[in-house]
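Hello,

Here is the structure I promised to pass on. Have a look at it first, and my notes on what turned up follow below.

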Amino acid sequence: DAGVHALGQVAHSRIDEDFPIPEKKLCSAFNSALPPDIQILDAKIIDSNFHSTKDAIAREYAYVVSTNKHVFNRNYSLFVPFELNLGILNTCASIFLGEHNFRPFAKKNPSTKSYICKVEESYWKQYGNSIFIYNIKANRFVYGLVRSLVGVMLDVAKGRRRIEEVQVALETGNKNFPSPLAQPKGLFLKKIYYPEEKNFFKNNLDFSKILLI
């Protein structure tokens with residue numbers, strides 16, 4: 001989605017055997033042709049049938065919410081003008097753990113054949129007095145899922161929704177209440193996971209140090 005960020009995106013490209021750029025110069029060559037809001041952190045030439053999307057076994061996202069307006073983080077976090085209760089947020093987040101049909105919490109996409117996702121991690125952490133970060137890791141994601149879940153949980157935190165409503169929607173596949181998608185600017189792709197034999201890239205970025213928190 002436009003406005004979403006990535007700390008650990010992975011891509012691949014097929015190249016000819018006589019590719020003219022040596023591996024050690026790949027990053028600088030690519031970055032010299034990219035806009036300033038995109039940066040290649042690592043690049044390798046591998047003898048493999050590696051596919052950056054199909055080989056992935058899990059993905060991890062984070063969503064940043066701030067209860068204080070911050071001029072420098074305005075494009076990287078969602079400002080909410082009310083206090084948040086970390087306990088309530090985590091109680092709601094725990095509902096999404098496990099394998100579920102997330103159709104009630106996904107945007108419509110004709111190309112989506114299945115809405116079944118297995119969520120391994122789903123929790124909120126608080127940094128200081130005003131930053132709340134939602135972390136979620138799953139084997140796959142459907143279109144708009146993270147932004148939808150954050151929107152629902154913020155509605156629960158506001159008192160507009162009850163946790164029981166969210167539980168019923170997940171169990172029955174029917175969501176009979178409107179909750180807006182959280183804005184894209186707070187969403188970050190943190191990491192893509194691969195089988196050990198295809199884990200060519202190590203993402204060791206400390207996400208908590210990326211923002212001014």
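**Tyr115 and its surroundings**

Setting aside neighbours within four places in sequence, Tyr115 is in contact with His100, Asn101, Phe102, Arg103, Ala106, Lys107, Asn109, Arg140 and Val142; contact here means heavy atoms within 4.5 Å. Tyr115 sits in the loop between β4 (98-101) and β5 (116-127). With a relative accessible area of 14%, Tyr115 is buried. For that word the cut-offs are: buried under 20% relative accessible area, exposed over 50%, and partly exposed in between, with a 1.4 Å probe and protein chains only. Phe102, one of the contacts of Tyr115, is 13 residues away along the chain, and the two C-alpha atoms are separated by 5.4 Å.

**Before you read on**

Please keep in mind that this is a predicted model: local features need pLDDT of at least 70, side-chain atom pairs count only at pLDDT 80 or more, and totals for chains, interfaces and linings use all residues. Residues are numbered from 1 along each chain as its sequence is written, and side-chain values use heavy atoms, with hydrogens and water left out.

**The overall picture**

The protein has four helices and seven strands, in the order β-α-β-β-α-β-β-β-α-α-β along the sequence. Helices (H or I, at least four residues) and strands (E, at least two) are DSSP runs, numbered from the N terminus. The C-alpha atoms fill a box of roughly 60 × 40 × 30 Å, taken along the principal axes. Of the 213 residues, 38% count as buried. Among contacts between residues at least 6 apart in sequence, 69% join residues at least 24 apart. The protein exposes about 12,500 Å², and carbon and sulfur atoms supply 49% of that area; accessible areas come from the Shrake-Rupley method with a 1.4 Å probe, and for residues only the protein chains shown count as cover.

In soluble globular proteins, nonpolar side chains tend to be buried together. I used "nonpolar core" for a set of buried Ala, Val, Leu, Ile, Met, Phe, Trp, Tyr and Cys residues joined through side-chain atoms within 4.5 Å. The largest such core has 44 residues, and Phe96, Phe105, Trp124, Tyr134 and Met153 touch the most other members. Two or more residues each come from β2, α2 (86-94), β5, β6 (131-138), α3, α4 (163-172) and β7 (187-193). The largest share, eight residues, is supplied by α3. Another core, of six residues, lies apart from this one and includes Leu7, Ala62, Ile131 and Phe188.

Helix α3 is mostly covered, with twelve of its 14 residues buried. Leaving out residues up to four places away in sequence, Leu145 touches Phe102, Phe105 and Cys117. The contacts of Phe105 beyond four places in sequence include Leu145, Ser148, Leu149 and Val152. Just after α3, Gly159 takes a positive phi of about 90 degrees.

**Salt bridges**

Which residues pair by charge? A salt bridge is a side-chain nitrogen of Lys or Arg within 4 Å of a carboxyl oxygen of Asp or Glu, and the count by this rule is eight. Lys198 pairs with Asp55, with the closest N and O atoms 3.1 Å apart. Lys198 lies in the segment after β7 and Asp55 in the loop between α1 and β2, so this pair ties together parts that are 143 residues apart in sequence. Lys198 is partly exposed at 23% relative accessibility, whereas Asp55 is buried at 16%. Another salt bridge joins Lys44 and Asp42, where the closest N and O atoms are 3.9 Å apart. Glu164 and Arg162 also meet in one, at 3.7 Å from N to O. Finally, Asp155, Arg160, Arg161 and Glu165 are linked in a network of salt bridges.

Happy exploring, and best wishes
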